[in-house]
Amino acid sequence: MFNDNFKNFEAKIITVIVVINILLAIGVFASVYILSDRAIICDLKNRSDSVYKHVRQKIKIRSFYDLNTIADEQSELYRQMLQDFNSLRESANIKYLYTAKKTTRGEYVYLIDGYEQQAEDFRHVGDLIEPEIVKQLTRTLEAGEIVYGHNIQNTDWGAVYVVYYPVFEAGNIIGAVGLEFDANLIWQAKEQAVRVSLL
């Protein structure tokens, strides 16, 4: 009888120890995952700010006034900025790089889309900005905030990290710049790390 009680007690102790070890392992994994995630986002924010300094030098302020319709894509101003943006995009591993503004009708539209013009999702001057982007752009275009992504977004067109910067002239917000970093390699490395840690 004593042996049976001792064996039951021993089994309960072992079960408690196993459960505690599992909970500790989950806690350690969650802590490492969260810290790793924060480090990645911090690095992406710093990279964004660094790239934006170069983008800002290439922006022609008058583009926010002179570019309004697809017909304006024939102008030298548009062609030069598109070329500059494409060069920056390719050298900085940016998936999308574009400028936008709010029109006098209150619509948010694209101006310069530093992307392959043959691409299906290339945006022309005056194209309306997608509703899912407008919410973040509102904070930038209305409040003048830099809007950093809180995480990497896994979208239909791949993993991206998004930041929006306001563009000012004489203290007034005249437009915004959108940077969307290609984060596919980071996303894949993160998923791989999760799979390995679960084994």
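Reader: In what order do the elements of the protein run from the N terminus on?
Author: This is a predicted model: local features need pLDDT of at least 70, side-chain atom pairs count only at pLDDT 80 or more, and totals for chains, interfaces and linings use all residues. Residues are numbered from 1 along each chain as its sequence is written, and side-chain values use heavy atoms, with hydrogens and water left out. The protein has five helices and six strands, taken as DSSP runs (helices H or I, at least four residues; strands E, at least two) numbered from the N terminus. Their order is α-α-α-β-β-α-β-β-β-β-α.

Reader: What percentage of the 199 residues counts as buried?
Author: Buried means under 20% relative accessible area, exposed over 50%, and partly exposed in between (1.4 Å probe, protein chains only). Of the 199 residues, the buried ones make up 37%.

Reader: What share of the accessible surface belongs to carbon and sulfur atoms?
Author: Areas come from the Shrake-Rupley method with a 1.4 Å probe, and for residues only the protein chains shown count as cover. The surface comes to about 12100 Å². The carbon and sulfur share is 57%.

Reader: Where does α4 bend?
Author: The bend at a residue is the angle between axes fitted to the seven residues ending there and the seven starting there. Helix α4 (residues 131–143) has 13 residues and reaches 18 Å, close to the 18 Å expected. Its buried residues are Ile-133, Leu-137, Thr-140 and Leu-141, and their cover includes β1, β2, β3 (147–148), β5 and β6. The bend is about 40°, at Leu-137.

Reader: Why does the pair of Tyr-52 and Tyr-165 count as stacked?
Author: Rings of Phe, Tyr and Trp (its six-membered ring) pair if their centres lie within 6.5 Å; planes under 30 degrees apart count as stacked, over 60 as edge-to-face and the rest as tilted. By this rule there are three aromatic pairs. The rings of Tyr-52 and Tyr-165 have centres 4.1 Å apart, and the pair is stacked because their planes are at 5°.

Reader: How many residues apart in sequence are the parts that this pair ties together?
Author: Tyr-52 and Tyr-165 are both buried. Tyr-52 lies in helix α1 (residues 2–58) and Tyr-165 in strand β5 (residues 158–169), so the separation is 113 residues.

Reader: Which class does the pair of Tyr-98 and Tyr-110 fall into?
Author: Tyr-98 lies in strand β1 (residues 94–102) and Tyr-110 in strand β2 (residues 108–113), so the pair ties together parts 12 residues apart in sequence. Tyr-98 is buried at 3% relative accessible area, and Tyr-110 at 4%. Their ring centres are 5.2 Å apart and the planes stand at 70°, so the class is edge-to-face.

Reader: Is Asn-68 buried, partly exposed or exposed?
Author: Asn-68 sits in the loop between α2 (63–66) and α3. Leaving aside neighbours within four places in sequence, Asn-68 is in contact with Lys-101, Val-125 and Gly-126. Its relative accessible area is 41%, so Asn-68 is partly exposed.

Reader: What is the phi of Ala-170?
Author: Ala-170 lies in the loop between β5 and β6 (172–182). Ala-170 is exposed, with a relative accessible area of 76%. Its phi is positive in a residue other than glycine, near 50°.

Note on methods. The expected span of a helix is 1.5 Å times one less than its number of residues. Contact means heavy atoms within 4.5 Å.
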